[in-house]
Amino acid sequence: MKRLFFKKAALVVSVLFFACGVAGCKREKDSYTADQKYLYGMDYILFEGLGNGIDYVKGVQLLNNLGVKSLRHWMHVDWFMDEEFNLKEENVETMRAMLAELKKYDFQIIGMNHNNFNYTGMTSAKPPRDTEEGSYYREWLALYEESWYRLASLFPEITIWEIDNETNNVDFMPSTEGGDFSLSTMTDISTDMFYYGSKGVHRANPDATTVMGGFVTWNGEAFLEGVYENIKSGDFGEGSTDPDDYFQALAWHPYTNGFNADRFVEDNRALYNIALRYEKKHKTVYFTELGNWTATQSEETAAEYLTQVYKVTAERLPFVESIHYYRMFDNVIDNNNVSGIFYDPNPDRVDMTPDGRANPGAPKAAAYAYQRMTGRTGSLELLMTDLSTLGEKR
């Protein structure tokens with residue numbers, strides 16, 4: 001009887017093993033952590049319009065009318081305080097009002113800060129890495145940690161924080177001593193920044209999620225591998241070899257000139273597989289910038305690419321929680337930035353279409369495509385100024 005029982009038990013185990021091999025058993029560590037109800041994201045710098053007659057209340061309503069679910073929200077530390085942590089009270093109160101407005105629509109908010117305090121006054125500059133006792137670099141890291149602690153303490157309503165931005169891109173990593181860092185040096189400094197930024201946030205809120213600052217993908221595989229190798233070495237992060245002490249989620253910026261769905265999936269899976277190999281568990285990924293197509297493609301092509309990238313991500317990249325489309329509005333005084341899905345809303349600026357001057361704040365074809373994709377309704381002309389009402393011709 002016992003022999004028959006064990007034979008049956010062995011048969012059951014072998015069947016289960018075979019089934020797992022064919023279909024894949026769903027264990028907890030094999031489950032993706034991304035919640036794609038937040039897939040429809042946007043990059044919109046709310047305070048960019050302050051003093052320019054751009055009503056952020058209507059801007060937030062526009063986000064809702066578009067069907068946006070997640071917002072990457074610029075929260076630069078030096079906008080709220082100085083390097084001695086004296087508060088700029090008016091700016092703090094303005095941001096609290098903005099966050100209250102966002103809360104009305106229940107957006108997921110990812111607070112991002114890519115500024116820091118250092119002796120040069122250049123808020124994106126970083127000092128050369130020198131970990132010797134008493135070095136300026138170590139003093140700077142302590143200040144960096146404290147600034148994140150102060151920022152997360154000041155705005156507890158934000159529970160997801162992105163630690164810096166494109167730290168593998170020399171545009172956002174100038175040296176305080178002048179010149180450019182090598183990729184290897186940027187990788188090392190980034191590893192430190194992720195650890196101390198995360199440590200500061202978690203001092204303020206142990207339950208917050210910290211996100212690796214979104215990196216550019218042209219050297220992304222080497223950068224990501226380098227960060228993980230640094231963590232693995234035990235020579236960073238006060239000896240911590242646990243990636244969770246550096247970031248609980250990942251982010252990168254998979255910009256493309258054109259759009260090929262299969263290539264897009266292949267490239268982003270390759271990046272994710274690097275993380276998976278080191279983590280040995282799934283982590284959520286945010287594409288905190290992606291797009292720019294209205295600046296490089298025709299309106300119709302930009303709208304088509306926008307629709308395709310969300311569709312293919314939903315269907316084939318289950319580790320991605322949200323795509324923050326870059327960007328909401330053109331800003332023509334920022335080096336003629338025309339990456340928005342809306343024309344520049346400031347009536348005092350001249351934003352051009354192929355046929356002449358655009359109505360300020362008018363939606364482009366990509367904005368209508370975004371709204372159709374999400375299934376939302378509501379006016380997309382809340383910030384539009386009809387030039388004919390000003391007696392001007394387009």
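Let me begin with a definition: a residue is called buried when its relative accessible area is under 20%, exposed when that area is over 50%, and partly exposed in between. Please keep in mind that what we are looking at is a predicted model.

With that scale in hand, take Asn292, which comes out as partly exposed because its relative accessible area is 26%, a value that falls between the two cut-offs. Asn292 sits in the loop between strand 7 (285-291) and helix 9 (293-296), and its phi is positive, near 70°, although the residue is not a glycine. As background, most residues other than glycine have a negative phi, and most peptide bonds are trans.

Phe85 also has a positive phi, of about 70°, and is likewise not a glycine; its place is in the loop between helix 3 (77-80) and helix 4 (89-103). Is Phe85 buried or exposed? Phe85 is buried, because its relative accessible area is 14%, and the cut-off for that class is under 20%.

Turning to the peptide bonds, a cis bond joins Tyr326 to Arg327, with omega at about 5°, and Arg327 belongs to the loop between strand 8 (320-326) and strand 9 (352-353).

Finally, let me go back to strand 7, where we find Phe287, a residue that counts as buried because its relative accessibility is 0%. Leaving aside residues up to four places away in sequence, Phe287 touches several partners, among them Trp252, Pro254, Phe264, Val320 and Ile323. Phe287 and Leu39 are 248 residues apart in sequence, while their C-alpha atoms are 9.6 Å apart in space.

How values were computed:
Residues numbered from 1 in each chain as written. Predicted model: local features only at pLDDT ≥ 70, side-chain atom pairs only at ≥ 80, totals over all residues. Heavy atoms only, no water. Helix = DSSP H or I, 4+ residues; strand = E, 2+ residues; numbered from the N terminus. Buried < 20%, exposed > 50% of the residue type's maximum accessible area, 1.4 Å probe, protein only. Contact = heavy atoms within 4.5 Å.
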